[in-house]
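The sequence and structure are shown below.

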Amino acid sequence: MDTNHLDKQNFFDLGNLNTLRQDALKSGASPEASKEALKKAAAQFESIFTQMLLKSMRKANEAFEDEDSPFNSSGVKFFEEMHDQQLSVDLSSKGSLGLADLIVQQLSPDGKNFTPSSVLRTVNDFTSDQRATGTNTENTADTKAVNSSPSTAQKPQFENAEDFISSVWEHAKTAAEKIGLNPAVMVAQAALETGWGKHIINKSDGNSSFNLFNIKSDRSWQGEKANKMTLEFEQGTPVKRQASFRAYDSIKDSVNDFVQFLTENPRYQEALKNTAKPAAFLDSLQKAGYATDPNYAEKIKQVLNRTELKTLATTLVRQGVN
């Protein structure tokens, strides 16, 4: 971020605040002027935040100070505070904390890097992403809590990634053919959404929703529903939200509804034009707002490149599984 306007700034220059005010008043003339004013204000805020941080650190250290030391006199503390105030300006001018950059991204008028969650579908929680991409860091206690359920519950059982792929492939292949999509792409997306089938959303009675793609239920949905707390990305920040999802009777129903969901929604028409190119399809799917996770498409691509999916998919194709 360009912070040259802070290079020669002094913390005690009160005229700088008036300059920021004048820049803000001028910003209505053009988007460029508005963004420049925002950059200056964000850098100023980072400077104030840094000064408050330094002040709190000094305060916390007072308990260890020697009251009889000449270095702890009121005069020394006065100059220390002046030093910290100017240091906060210098740190901000170099973008040391990066806080100003985040503020500009969040409040930038163009908002190109952020999409309101109100127009998006959903995103699975972070641990599912970790499980699907092979970077799982959740603890054993949490895993047991997620997997615990009544013994009478109807749930698909997947021992490992290979088991998940074998169970989903035949249904995915039939459904994917309707839109000209490689079934491996569909399986990879389902793997990311559900952690290779180990964390499919359950209904209130403990039975599986069989919702492999975490499609939410809206007013048009007439079938069963399942509720779950999820993480939505709002303006680039993850926020927990209670959401309602579609529930199905089988894996076959889930993959078929996924295809129907895409074909009936005008938002995904561009993605459907790119089904012959998996990477372009996934990029278009994310751009259309299928998930709030800004890295959603890249995560699915990572799953597609996993050895077990490539190997088993090749084997299934050779065996003519359909």
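## A loop residue with positive phi

Does Phe210 count as buried or exposed? The model is predicted, and in it Phe210 has a relative accessibility of 13%, so it counts as buried, the cut-off for that class being under 20%. Phe210 belongs to the loop between α8 and β1. Although Phe210 is not a glycine, its phi is positive, at about 55°.

The loop between α8 (183-194) and β1 (225-234) also holds Trp196. Here too phi is positive in a residue other than glycine, with a value near 60°. Trp196 counts as buried because its relative accessibility is 5%. Most residues other than glycine have a negative phi.

## Overall architecture

The chain contains 13 helices and two strands. Of its 322 residues, 42% are buried. Among contacts between residues at least 6 apart in sequence, 68% join residues at least 24 apart.

## Aromatic pairs

Nine aromatic pairs are found in a search of the whole structure. In one of them, Phe158 and Phe164 have ring centres 5.2 Å apart and planes at 80°, so the pair is edge-to-face; an angle over 60 degrees places a pair in that class. Phe158 and Phe164 are both buried.

Phe258 and Tyr290 form an aromatic pair that is edge-to-face, with 6.1 Å from centre to centre and 85° between the planes. Because Phe258 lies in helix α9 (residues 251-264) and Tyr290 in the loop between α11 (278-287) and α12 (296-304), this pair ties together parts that are 32 residues apart in sequence. Phe258 is buried, as is Tyr290. These two residues belong to one aromatic cluster, formed by Phe213, Phe258, Phe261, Tyr268, Tyr290 and Tyr296.

## Packing of α11 and α12

The axes of α11 and α12 are 8 Å apart, and the two helices pack at an angle of about 150°. Helix α11 is therefore roughly antiparallel to α12, since angles over 145 degrees fall in that class. The crossing of α11 past α12 is right-handed.

On the α11 side, the contact involves Ala279, Leu282, Asp283 and Gln286. The residues they meet in α12 are Tyr296, Ala297, Glu298, Ile300, Lys301 and Leu304. By class, the residues of the contact of α11 with α12 comprise six nonpolar, one polar and three charged.

Notes:
Residues are numbered from 1 along each chain as its sequence is written. This is a predicted model: local features need pLDDT of at least 70, side-chain atom pairs count only at pLDDT 80 or more; totals for chains, interfaces and linings use all residues. Side-chain values use heavy atoms; hydrogens and water are left out. Rings of Phe, Tyr and Trp (its six-membered ring) pair if their centres lie within 6.5 Å; planes under 30 degrees apart count as stacked, over 60 as edge-to-face and the rest as tilted. Buried means under 20% relative accessible area, exposed over 50%, partly exposed in between (1.4 Å probe, protein chains only). Helices (H or I, at least four residues) and strands (E, at least two) are DSSP runs, numbered from the N terminus. Axes are lines fitted to C-alpha atoms, for helices over the stretch in contact, and angles run from 0 to 180 degrees between N-to-C directions. Angles under 35 degrees count as roughly parallel, over 145 as roughly antiparallel, 65 to 115 as roughly perpendicular and the rest as oblique. A crossing is left-handed if the near helix is turned anticlockwise from the far one by less than a right angle, and right-handed if clockwise. Contact means heavy atoms within 4.5 Å. Ala, Val, Leu, Ile, Met, Phe, Trp, Tyr, Cys and Pro count as nonpolar, Asp, Glu, Lys and Arg as charged, and the others, Gly among them, as polar.
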